[in-house]
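Student: I have just opened this structure and would like to learn how to read it. Could you take me through some of its features?

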Amino acid sequence: MLGFLVRLLPFWIREPLIILVGTVFGVRILSMALVDGEGWVPAVIGAVFLLGAALRVRVVVHALRARRRPASATEAQSAPVAPAPVTPAPVTPAARRPVEKKPNAFAQASFAIGLFAVIGGALWIEGKLPEDGTAATGASRPAACRLDEDEKLPSAYRSTPEAVTGADLCRALNRTELPELLGTPDERSVYASGTDNTAPLTDRKVAQPEARVEFETYTVELSATYDKLTVAQYAKLTTYGDGRDTRKLTVLGRPALLTSDHMMKIQFDLGSGEGASSPVEQGPLARTLTVAFDGKDRGGSYDLTVWSESGLLPDDSALVGIAEAVLPRITRGARDQD
């Protein structure tokens, strides 16, 4: 229907309108692909829009040249030729043609402006509409997960068929309701990533994928460790320390443990004189919820950690709510097994 209405417009209104709309759509879709990291499909679509606009520009340029081209030299320079004597023929009355109505230029221009206003209004409303049902919370679309897709999985993942990847964890953690669970419903994620790491001090033999989602207030990290250490054993290890802020509980019918520890802060002095005197410092306090893979606690666990640069931490109930919302959604996606 829209294409039919556009074809009704005069050439000099229709073509500039198509060029403008195609350019706006192409630039917007390309920015989604290149800036927001939406992938290669939007990039191809945006390039097609821009290519179509460029072809329309070429058509308009040719039409302008043809319009400005003077009359042919043969017609302009031809000398008048005396007419040959013609025997008069009987004159017959010519058929009367109906008077053709010339199109109303003002009405056509008004229609084009109105159509463009409708398209612009639709785009503006579409940008204001909430995405993924987030009208109640005020949250907007989360940042796209940044992944190392070209990097080959470590051998620990191939020897552990049940292991998920950083992409799987990031997909489960980077959800629109995460700011509300943290108690900051008006925020949106500014960074999200997933990495396929291995556990330290294991000679790269234990898979430990991680995902991180950053907000203005908090940073949330989710990891999975596929070792033989149970949550009960880990709880005993914490008793050898000061044991402060340690609490046992049950999450999703599985043994769980809440612990607190400081993050490690690393700074590098690149010669500007503004770096730290020591490359490693004590970072902000973090709260971690460790949840066993299953109710029988047969080894391996998820670690959900939250911290902020200001040192503020959400309530423990927030961590439990995040775990109950995120852990059941962790699914193993397709990956290269070579």
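Tutor: Let us go through helices, a surface patch, strands, rings and salt bridges in turn. This is a predicted model, so local features need pLDDT of at least 70 and side-chain atom pairs count only at pLDDT 80 or more, while totals for chains, interfaces and linings use all residues. Residues are numbered from 1 along each chain as its sequence is written, and side-chain values use heavy atoms, with hydrogens and water left out.

Student: What should the 29 residues of α3 span?

Tutor: Helices (H or I, at least four residues) and strands (E, at least two) are DSSP runs, numbered from the N terminus. The expected span of a helix is 1.5 Å times one less than its number of residues. For α3 that gives 42 Å, and its end C-alpha atoms are 42 Å apart, which agrees.

Student: Which residues in α3 are buried?

Tutor: Buried means under 20% relative accessible area, exposed over 50%, and partly exposed in between (1.4 Å probe, protein chains only). An α-helix has 3.6 residues a turn, so residues three or four places apart point the same way. In α3, Pro 42, Ala 43, Gly 46, Ala 53 and Val 60 are buried. Val 48, found in α3 (residues 40-68), is exposed, with a relative accessible area of 52%.

Student: Which residues form a nonpolar patch on the surface?

Tutor: Patches are made of residues with over 30% relative accessible area and no salt bridge; like charges are joined within 9 Å, and nonpolar side chains (Val, Leu, Ile, Met, Phe, Trp, Tyr) within 5 Å. Here Trp 40, Val 41, Val 44, Ile 45, Val 48 and Phe 49 make up such a patch, with about 580 Å² of accessible area together. Such areas come from the Shrake-Rupley method with a 1.4 Å probe, and for residues only the protein chains shown count as cover.

Student: Do β2 and strand β3 pair in the parallel or the antiparallel sense?

Tutor: Two strands pair if DSSP finds at least two bridges between them. β2 and β3 (residues 207-214) are antiparallel, over eight bridges, and Asn 197 stands opposite Gln 208 in β3. Strand β1 (residues 146-147), by contrast, runs parallel to β2 (residues 191-198), joined by two bridges.

Student: How many aromatic pairs are there?

Tutor: Rings of Phe, Tyr and Trp (its six-membered ring) pair if their centres lie within 6.5 Å; planes under 30 degrees apart count as stacked, over 60 as edge-to-face and the rest as tilted. The count is three aromatic pairs. Phe 25 and Phe 49 are stacked, at 5.6 Å centre to centre and 20° between the planes. This pair links distant parts of the chain, with Phe 25 in helix α2 (residues 11-34) and Phe 49 in helix α3, 24 residues apart. Phe 49 counts as partly exposed, at 33% relative accessibility. The rings of Tyr 226 and Phe 293 have centres 4.9 Å apart and planes at 35°, so that pair is tilted. Both Tyr 226 and Phe 293 are buried.

Student: How many salt bridges does the count come to?

Tutor: Side chains of opposite charge can pair when their charged atoms come close. A salt bridge is a side-chain nitrogen of Lys or Arg within 4 Å of a carboxyl oxygen of Asp or Glu. The count comes to eight. One of them joins Glu 177 and Arg 329 (3.8 Å, N to O). Asp 294 forms another with Arg 298, the closest N and O atoms being 3.3 Å apart.
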